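User: Can you walk me through this one? I'd like to go strand by strand and then look at the ligand.

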Amino acid sequence: MKVVVVGGGIAGLSAAHRLTESKRPGLQVTLLEGADRFGGTIRTIELGGCLVELGPDSFLSTKPWLTDLAGRLGVADRIIPTASTHRGAHVVHRGRLHPLPDGFLMMAPTRLWPMVTTSLFSWTGKFRSALDLVLPRGCESGDESLGAFVRRRFGGEVLDRVVQPLIGGIYAGDPDTLSLKATIPRFLEMEARHRSVIKAMVAQRRAAAKRGNGSSSVSGARYGELFSFDRGMATIVEALLAHLPPGVVQTHTEVVGLHREGNFWRLACGNGRQFEADAVILALPSRRAAALLHGTDVELANELAAIPHASSAVMNLVYRRSEVPHPMDCFGFVVPAIERRNIMACTFSSVKFVDRAPEDLVLLRVFIGGALQRELLESDDGALQQMAGEELRDLMGIEAEPLHSVLSRYPDAMPQYLVGHSGRVERIESMLEQYPRLALAGNAYRGVGLPDCVHSGEQAAERVLGG
Ligand SMILES: Cc1cc2nc3c(=O)[nH]c(=O)nc-3n(C[C@H](O)[C@H](O)[C@H](O)COP(=O)(O)OP(=O)(O)OC[C@H]3O[C@@H](n4cnc5c(N)ncnc54)[C@H](O)[C@@H]3O)c2cc1C
């Protein structure tokens with residue numbers, strides 16, 4: 001049986017690895033990657049003595065698939081946690097950096113007193129958010145946007161000042177269009193089970209504290225559940241490549257045509273090469289998969305093409321520590337759209353992970369664009385660099401030019417799970433039932449995070465192997 005995997009990002013590599021791991025007799029696996037390297041969005045480089053992530057910088061351990069894979073690849077001992085100090089985030093408020101209330105995680109507080117004392121919200125806003133404690137459950141009428149849910153439970157102020165930028169940092173999206181069910185369903189479950197999201201969050205924090213793994217002062221994200229590798233996220237890509245048998249992977253081989261001929265799939269590549277396969281896994285951005293499937297199944301292709309994507313740019317900057325007046329006492333900050341600034345967020349990478357930069361240097365990662373500021377990405381690289389520099393000067397008081405900087409653009413890289421996304425994915429999956437030897441993998445369907453992408457690749461491999 002010949003299987004061709006198209007796309008050498010984390011999803012495609014995980015699919016190819018699972019296929020070879022199966023040790024199925026007679027199985028021949030080929031992975032075709034259009035670019036000159038593997039890893040897709042994952043890219044780690046060395047810059048001025050710093051370990052720099054151009055793409056993703058961490059993964060969630062609560063979704064087990066990447067951690068499990070690392071174990072099977074023999075690199076579990078290279079997994080590192082985020083730094084144990086300064087686990088918190090700031091938010092820009094009226095032009096200045098402001099700490100998030102201690103215990104505020106993603107969408108809701110886990111502690112009440114910091115919500116009362118923070119000057120981030122007005123008294124009206126605080127009172128409105130406290131209504132979550134008494135409000136009834138929402139009516140179960142299908143999908144709801146993340147923005148509508150937060151407004152309903154906590155009010156517009158919490159949404160605009162905190163939740164929108166925190167969500168924007170993950171999905172590069174607009175909360176008023178993103179589906180809660182498809183992005184962070186655990187908040188829906190909390191409401192269904194506990195009615196009040198705050199009560200559920202407080203209970204979870206107390207339970208975690210009892211187990212000895214909950215810090216009440218963490219704010220922003222669950223940093224205790226975020227991990228990386230000592231030499232960066234490229235470690236998992238290198239380990240996957242090292243475990244694939246020789247001859248399986250090929251770069252510079254963009255697939256430009258896919259046709260079904262009887263029981264076979266025929267693939268045509270931009271470099272003139274042709275491949276024949278019994279089974280195909282498309283581990284590609286959904287619109288790329290749509291283009292390849294158009295000749296086979298227009299309806300399926302249209303569903304795939306209807307998943308929109310947002311673009312962003314990441315700028316890594318290295319400064320001398322002595323030239324950064326900010327105390328660097330958190331993991332970074334997020335910027336609400338209502339502040340009308342030119343950046344979405346900034347991660348203090350050399351604080352978030354130890355040993356990412358020499359002691360006398362500071363490594364920052366600035367995010368630009370996303371669904372709410374797509375027009376900024378029309379600017380050229382020089383203009384984006386200038387924007388980032390100006391924002392850091394204004395918000396962190398950094399007057400110096402960076403010692404080093406690198407800009408990475410991610411056009412249409414972040415799928416937007418809009419309201420109705422889960423229904424669309426179910427339709428796509430049911431259409432695929434008529435093609436048992438065709439599978440889709442990647443971030444466009446059931447999770448954008450790296451563990452989800454690993455899972456999607458492994459599931460795709462199992463599907464074409466027959467379950
Ligand atoms: C800036 C940024 C930061 C992120 N940060 C995090 C994070 O910290 N943690 C986290 O969990 N997630 C993060 N994500 C999300 C995560 O990185 C992605 O969802 C994931 O890497 C996608 O993997 P993939 O294999 O599905 O797709 P990709 O990485 O896009 O790989 C697809 C591959 O297919 C190739 N390809 C495309 N078309 C063809 C073709 N026709 N023929 C052959 N090859 C083709 C491409 O060259 C590419 O290599 C981030 C995303 C971005 C954009």
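**Strands, cores and the ligand shell**

Analyst: Let's start with strand 19 (residues 345–348), which is covered on both faces: Ala345 and Thr347 on one side, and Cys346 and Phe348 on the other, are all buried. Buried is 20 or more other C-beta atoms within 10 Å of the residue's own, exposed is 12 or fewer, and partly exposed is in between, with C-beta atoms placed from the backbone. Strands here are DSSP E runs of at least two residues, and helices are H or I runs of at least four, numbered from the N terminus. This is a predicted model, where local features need pLDDT of at least 70, side-chain atom pairs count only at pLDDT 80 or more, and totals for chains, interfaces and linings use all residues. Residues are numbered from 1 along each chain as its sequence is written.

User: What does strand 18 pair with, and in which sense, parallel or antiparallel?

Analyst: Strand 18 (residues 332–334) pairs with strand 19 in the antiparallel sense, over three bridges. Pairing takes at least two DSSP bridges between the strands. Val334 has Ala345 of strand 19 as its bridge partner.

User: And how many bridges join strand 19 to strand 20?

Analyst: Four, and strand 20 (residues 361–369) runs antiparallel to strand 19. There, Phe348 is partnered with Leu364 of strand 20.

User: Which residues have the most contacts inside the largest nonpolar core?

Analyst: Ile343, Val366 and Ile368, in a core of 77 residues. A core here is a set of buried Ala, Val, Leu, Ile, Met, Phe, Trp, Tyr and Cys residues joined through C-beta atoms within 7 Å.

User: OK, switching to the ligand. Which residues come nearest?

Analyst: Gly7, Gly9, Gly40, Pro56 and Gly442, out of 36 residues around the ligand (C-beta, placed from the backbone, within 6 Å). Elements giving two or more residues to that shell are helix 1 (10–21), strand 17 (309–320), strand 21 (404–415) and helix 16 (450–465).

User: Why does the ligand lie between domain 1 and domain 2?

Analyst: Because domain 1 (2–42 + 233–307 + 417–465) and domain 2 (58–85 + 310–415) both give residues to the shell around the ligand. The domain bounds come from an automatic or database assignment.

User: Last one: what's the order of strands in the open sheet of three?

Analyst: The order is 5-11-6, with antiparallel pairing. Strand 5 (59–60) and strand 6 (79–81) are the edges, each pairing on one side only. Phe59 stands opposite Phe227 in strand 11.
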